[in-house]
Structure formats: structure tokens, C-alpha cells
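Dear colleague,

Please find below the structure that I am handing over to you. My findings follow it, and I would ask you to read them with the structure open.

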Amino acid sequence: MILSPSEIERYSRQMLITGWGIEGQEKLKKAKVAIVGIGGLGCLSSLYLAAAGIGKIILIDREKFELNNLNRQILCWVKDIGRPKAEVAKEKLLAFNPEIEIIAFNTEISKENIDKIIGKVDVIVDGLDNWKTRFMINEYCVSNKIPFVHAGVTEMHGQITTIVPGKGPCLRCIFPKTPREMRYFPIVGATPALLASLQVMETIKLITGIGQPLIGRILFMDGKEVNAEVIKIEKMANCPVCGESR
Ligand SMILES: [Zn+2]
């Protein structure tokens, strides 16, 4: 897959990064990434994945934009209120970078349709706001050996980890007990922006092979007191999802 002259110009600054070059950029062009949930995290990660030149991006969200989303869901402008999130995001991202392919699904992802909607991709990026779906995606990723970049946010803090099946713990090893679901949690837009930027960084590293992804480690970021902590996590031998007994 060869880069067009306009792509070479568009990505020229990032191709200067050590280890990136034309080769790294071509890997990104060949890559297929799915983003599940186009909320605070997904709006920002999709924008920066499009900016970085991921060749094919799959967007999945069943909801429509509401006015109270606008403090963080930056792909929604006032005129887009009431329209499907995935569809609006696709329009904006293609206007921003017409040289990539975007596929939008205005539907709820489930065990039944995930294979049809996502299928084989290089990375799945977590843009979700509920643990039930996250754990479903985690199981799909473990079964299909697909890397999964998890992030979760609340208020002014959040966490991120990268799951690469076979190379480290899965989401269930990290959270054996499902965290409490919160339907309407407090959040400021800068929090998902921070964590989603890191998710994009992780995705780029997984695809290009540059740097060290957050495998077997979880980063907790607190924007309020400005603290960051990286905790090492081992794979759980008896994990119901990725354990040996399974
Ligand atoms: Zn596990």
C-alpha cells in the first residue's frame, strides 16, 4: 500500500519520529481500527486516529447527540444535536481527512452482532461508558486475539490499559469484580481528552511497533490533584476469560 503525495505531506511531521518513517505510516494506512462508543473518549480518539492516518476506522454507537454531550463530545456541534453519533462523526472525520475510510454503525454492539460489525481488526479502542459491554468486548478480543485499548473516565480522573491477548492480563484479570455501573456520572471534557489521547498513542504503538505499550500495566491519572500512577498487573491463572482452565 503506497502513500499518495498528499499523504506524504500530511503525515510528514510524524514520519520524522524515530522508527516511524514511510514504513510506519504505511502500516497505519493498512490498519483497521474499531472504536466502540463515540462519546467523550470516542470523539477524541477517532479524531486523532484519523489525523494519524489509520486507513480504516469503524465507528459504533447507537445513540444520538444531546445538548448535554457537548461539554466533552467534540465531534458534535450545535447543528448535530438529535443526529446519530456514528453518522455525524463519520461526516466530520471524512471532511477532516478524506484519504481514509470510515465505516459507521448506528447500532448497539452485542455478542450476536460483534463478529459481523467488527470482525477482524488490528485494534479495538474502548469508548464505552459501561462495564457490561466492555467485558463482552474483552471476551471477543481474547477469543480472536485482538488487542483492546481500554480507558475509563469519571470526573477529573481515569485509567487506561492495553490488553494484548497472550501477552498479558485481560480486562477480567485486572477487574475480577465488575466495577459499579454509573448511568449519569460527573465528567469534564478534558478528562476523556487526556485518556483518549493516550489510547491513540497506544494504538499507534501497537500498529507501528514503536515504544512500549501498556501491557500488564494500568495507568491511573488524576487531573484534580495531578497524580499519575502505573501499577503492574499479572495475568490471573484462573481467569474465567483468559485463564488456563478455560
Ligand atoms: Zn484474564
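Two residues are said to be in contact if their C-beta atoms, placed from the backbone, lie within 7 Å. Please bear in mind that this is a predicted model.

Helix H3 covers residues 21–30, and its buried residues are Gly 24, Gln 25, Lys 27, Leu 28 and Lys 29. Helix H2 (12–15), helix H4 (40–52) and helix H9 (190–208) are among the elements that cover them.

I turn now to the sheet. It is open and is formed by 8 strands in the order E3-E2-E1-E4-E5-E6-E7-E8, with mixed pairing. Strand E3 (101–105) and strand E8 (227–232) stand at the edges with a single partner strand each, so one side of each has no neighbour in the sheet. From one strand to the next, the twist averages 15°.

Within the sheet, strand E5 (residues 148–154) and strand E6 (residues 157–163) pair in the antiparallel sense over 7 bridges. Val 149 stands opposite Thr 162 in E6.

Helix H7 (residues 131–144) packs on the sheet, where H7 touches E1, E4, E5 and E6. Helix H9 lies across E1, E4, E5, E6 and strand E7 (217–222), and runs at about 170° to E5.

Yours sincerely

How values were computed:
Residues are numbered from 1 along each chain as its sequence is written. This is a predicted model: local features need pLDDT of at least 70, side-chain atom pairs count only at pLDDT 80 or more; totals for chains, interfaces and linings use all residues. A residue is buried if 20 or more other C-beta atoms lie within 10 Å of its own, exposed if 12 or fewer, and partly exposed in between; C-beta atoms are placed from the backbone. Helices (H or I, at least four residues) and strands (E, at least two) are DSSP runs, numbered from the N terminus. Two strands pair if DSSP finds at least two bridges between them. Axes are lines fitted to C-alpha atoms, for helices over the stretch in contact, and angles run from 0 to 180 degrees between N-to-C directions.
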